[in-house]
Amino acid sequence: MANDSEDFAGLSLLKKATLAIEDLRTRLDRAERREREPIALVGMACRFPGGADDPEKFWELLRRGRDAIGPIPSGRWDVDAFFDQNPDAPGKSYCRAGAFLDRVDEFDPAFFGITAREAASMDPQQRLLLELSWEALERAGIAPASLIGTRTGVFTGIGVTDYAQLVRGAQAVRPADLYLATGNGICFAAGRIAFALGLQGPTLALDTACSSSLVAVHLACQSLRAGECDLALAGGVQLILTPEAYVILSKSKALAPDGRCKTFGAAADGFGRGEGVGLVVLKRLADAARDGDDILAVVRGSAVNHDGRSGGMTVPNGSAQAAVLRQAYASAGIAPGAVDYVEAHGTGTALGDPIELRALASVMGAERQADHPLYVGSVKSNIGHLEAAAGIASLIKLVLALNHDEIPKSLHAEPLNPMVEWAALAVKVATVSLPWRRGFGERVGGVSSFGFSGTNAHVVVSEAPAVSRPRPAFEGERGLH
């Protein structure tokens, strides 16, 4: 009996060519499907200002329209010594407010097999990432111990190194050691999670300024589609432990004196700083459906680019923002006009807000029906600008909005910025909470995050697919986690 190679050799050249073309087409289709493969978000955890220590409390803060801005905690530094209303005063800041976490000094090192001495040298940002990685996995229904040796990736956005400055200042009392290096090097923010949980997928920490955590989500999705990992933790962290950045930003007059982001509002006068941490658990949608995971939302596509040459190194570029939007929706295979809501970067600056709105309108407003405006808002109006963790805060807000069928109101936007041509734009600010009703098509939202360094990111998210399986019922209360 002739084998396959003999059969193929007996075919005519035309048939051979036809079979080769069909094989190439099949491979191309498979590659294109892989590039657009939906990614399921199956778990998330957060610590945000205003007592939003988990997604449920965060949603309550958003639903109630709470403002988490307050005075800089007295335990961080001598606020009075660094304050001056004159923005040009050397070594001073004119802002003494922001959005802060409580009890950032607390940590249970023994739980993660870390000694007390090593923990004392660890940046609290690393400690928070460790805690949140465990919580996010538990919320996804995944036992962390089951991931030892698996191709699970870790992608974290992180920027500031305030704790390293404090440690260096204390070195006269305590000599430097290895723990100071592993506790404060940015690369260890991701590496420590992988080490503690025994993960062997791609692991990296990145800094693209304000877009860091959303770029981390983008890279995690790319890694999942490429088959480099089968599960991914992605997000970012930001803590403010020294006054240095406040002083520097005051010199450029980038900060709002009252510490609030008045996004899209006439009173916009700079941004307010905030801190927090968030992580999401990501999986290929087909794998999540196969495993019976509780899917919270689906990442349909994403894109990253750079401003290139704009009016200045830190000046936004509207054409680049429009380009990253087009790239993201092309990768998702979704028409921009079908999007209901965009969680905007929205820092609340007189320069940045109008540029962002015009870019959104140029891409998302085309061929949009009059009864289907694009609604926009920004979580920064609630909890400040979390910088390296800003994008993940926006993503978690969007996922919560999809799951609760409601778009929370964006604060401090009224009266609207008069520099924006509102009547000519098919864009509206969600100044009141809006029901996010299920229409004839799936509900889709977007998240934008633009880095101070010029790196822009946008992620496209749709509601979770309908499932017929019942949720498991737990008997009694669960006392331990």
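**Sheet, helices and salt bridges**

Author: Gladly! This is a predicted model. Its open sheet has 11 strands in the order β5-β4-β6-β7-β1-β8-β15-β14-β9-β10-β12, and the pairing is mixed. From one strand to the next, the twist averages 25°.

Reader: What makes β5 and β12 edge strands?

Author: Each of them, β5 (203-206) and β12 (427-429), pairs on one side only, and they are the edge strands.

Reader: How do you know that β9 and β10 are paired?

Author: Pairing needs at least two bridges between two strands. Strand β9 (residues 341-343) and strand β10 (residues 374-377) have three, in the parallel sense, so they meet the definition of a pair. As an example, Y341 has Y375 in β10 as its bridge partner.

Reader: Which helix lies across β8, β9, β14 and β15, running at about 145° to β8?

Author: That is helix α12 (residues 318-332). Helix α9 (residues 212-225) runs at about 170° to β6, and the strands it lies across include β1 (39-47), β4 (152-157) and β5.

Reader: Why is the contact between E118 and R192 called a salt bridge?

Author: The cut-off is 4 Å between a side-chain nitrogen of Lys or Arg and a carboxyl oxygen of Asp or Glu. For E118 and R192 the closest N and O atoms are 3.1 Å apart, so the pair qualifies as a salt bridge. The pair links distant parts of the chain, with E118 in helix α4 (residues 116-121) and R192 in helix α8 (residues 187-197), 74 residues apart. The structure holds 26 salt bridges.

Reader: Are E118 and R192 buried or exposed?

Author: Buried means under 20% relative accessible area. E118 has 15%, so it counts as buried, and R192 has 10%, so R192 counts as buried too.

Reader: What about K262 and D258, whose closest N and O atoms are 2.8 Å apart?

Author: They form a salt bridge. K262, at 9%, is buried. D258 has 30%, so it is called partly exposed, since that label covers values between the 20% and 50% limits.

Technical notes
Residues numbered from 1 in each chain as written. Predicted model: local features only at pLDDT ≥ 70, side-chain atom pairs only at ≥ 80, totals over all residues. Heavy atoms only, no water. Helix = DSSP H or I, 4+ residues; strand = E, 2+ residues; numbered from the N terminus. Buried < 20%, exposed > 50% of the residue type's maximum accessible area, 1.4 Å probe, protein only. Axes fitted to C-alpha atoms, helices over the stretch in contact; angles between N-to-C directions. Contact = heavy atoms within 4.5 Å.
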